[in-house]
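The sequence and coordinates come first.

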Amino acid sequence: MRIEIQGLSKRYRGGFHALRDVDLEIGSGMFGLLGPNGAGKTTLIRILVTLLKATSGRVLVDGMDIDRHRAQVRRMVSYLPQEFSRFPRLAAWEVLDYQACLRGLGRRERREGIDRLLELVGLFEVRDRQAGKLSGGMKRRLGIAQTLIGDPSILVVDEPTVGLDPQERLRFRNLLADLARGGIVILLSTHIVGDISSTCTDMALLNRGRISWRGPPAGLIDSARGRVWKVAASHAELDGLKERFAVVSTVPSVDGYEVRLVAAEPPAASAEAAAPGLEDAYLHHLQSIEPEGGSA
């Protein structure tokens, strides 16, 4: 199973370009689409799941053009948006049963499949709890169970861990990683670097509507070597550093702060080089891209 994106562009009324000539291939496993808010990620995935049409270019799913074979592609692709509709008064199992009915599954198939999905996402023990009374993390897991009805070949999830506490975020990432090992394509769209570093072996960086980097997370990290620094700064010096450089973190110390930042050259005589992480590399890469008028 493979997604091929060729020269994809999306321009809205008024001339706003959300996407510009995007070329990308995505294969089986977990693929991360990383970018800041407003980069064009949601526009891209809405085109992929046939909810939006591109201005130009095309998308092939398993060799099929999505504009010519929309019905077939929709049977293969399942989508979990950041905000998805629920039925708060229905029990968790009833939500899945309703969705399975819409998919045309028979009663026996629904019963067996729903129990399997609830076990898979760790919700079997709360299967009779109303959906509206589930925790935020449980609701996201119920959403994943919903998308897995009908055994899709491609799963697209948009900002799935926003608003979750650290424990639920970890549980959700592990769930997606387990699903990816089953051979399906999972496209994870996020602005949270930790979602990518914890789960994805392949990724792309989308910024201002363009794919500006593609490869494994380790490759993006390598691109920032020699650009990450640790600096001891006083209270008075901290504001100046924030104005001139991309500050990754500030840790209070006895005399002020230990500052971690991204810069092409040592920001001070006392600066020490630091080994980069994915967040450092992400900020370095975004800084190195010149702004363009009229793009997202």
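## Basis and overall make-up

A residue counts as buried under 20% relative accessible area, exposed over 50%, and partly exposed in between (1.4 Å probe, protein chains only). Buried residues make up 49% of the 296 residues in the protein chain. This is a predicted model, in which local features need pLDDT of at least 70 and side-chain atom pairs count only at pLDDT 80 or more, while totals for chains, interfaces and linings use all residues. Residues are numbered from 1 along each chain as its sequence is written, and side-chain values use heavy atoms, with hydrogens and water left out.

The protein chain has 10 helices and 14 strands; helices (H or I, at least four residues) and strands (E, at least two) are DSSP runs numbered from the N terminus. Its C-alpha trace spans about 70 × 45 × 35 Å along the principal axes. With contact defined as heavy atoms within 4.5 Å, 67% of the contacts between residues at least 6 apart in sequence join residues at least 24 apart.

Two strands pair if DSSP finds at least two bridges between them. Four strands form an open sheet in the order β2-β1-β4-β5, with antiparallel pairing. Its edge strands, β2 (17-26) and β5 (64-65), each pair on one side only. Helix α1 (residues 41-48) packs on the sheet and touches β1 (3-11), β2 and β4; the direction of α1 makes about 120° with that of β1. Such axes are lines fitted to C-alpha atoms, for helices over the stretch in contact, and angles run from 0 to 180 degrees between N-to-C directions.

Strand β4 (residues 56-61) is joined to β5 by two bridges. Val 61 stands opposite Met 64 in β5.

Six of the six residues of strand β8 (residues 185-190) are buried, so β8 is largely enclosed by the rest of the structure. Side chains in a regular strand alternate between the two faces of the sheet. In β8 both faces are covered, with Val 185, Leu 187 and Ser 189 buried on one side and Ile 186, Leu 188 and Thr 190 buried on the other.

Strand β3 (residues 29-34) runs parallel to β8 and is joined to it by six bridges; Leu 33 stands opposite Ser 189. Strand β7 (residues 154-158) also pairs with β8 in the parallel sense, over five bridges. There, Ile 154 has Val 185 as its bridge partner.

## Pocket and cavity

On a 1 Å grid over the protein atoms alone, a cavity is a set of points where a 1.4 Å probe fits but cannot get out, and a pocket is an open set with protein on both sides within 12 Å along at least five of seven lines; lining residues have an atom within 4 Å of a point. The largest pocket holds about 480 Å³ of space. Of its 20 lining residues, Ser 78, Tyr 79, Gln 99, Arg 103 and Gln 146 lie nearest the centre. β6 (77-80), α3 (92-102) and α5 (136-147) each give two or more residues to this lining, and β6 supplies the largest share, four residues.

The structure holds one cavity of 30 Å³ or more; the largest cavity has about 40 Å³ of space. Residues lining this cavity include Leu 8, Ile 47, Gly 57 and Asp 65, and β4 gives the largest share, three residues.

Technical notes
Points joined across faces, edges and corners; volume = space filled by probe spheres on them.
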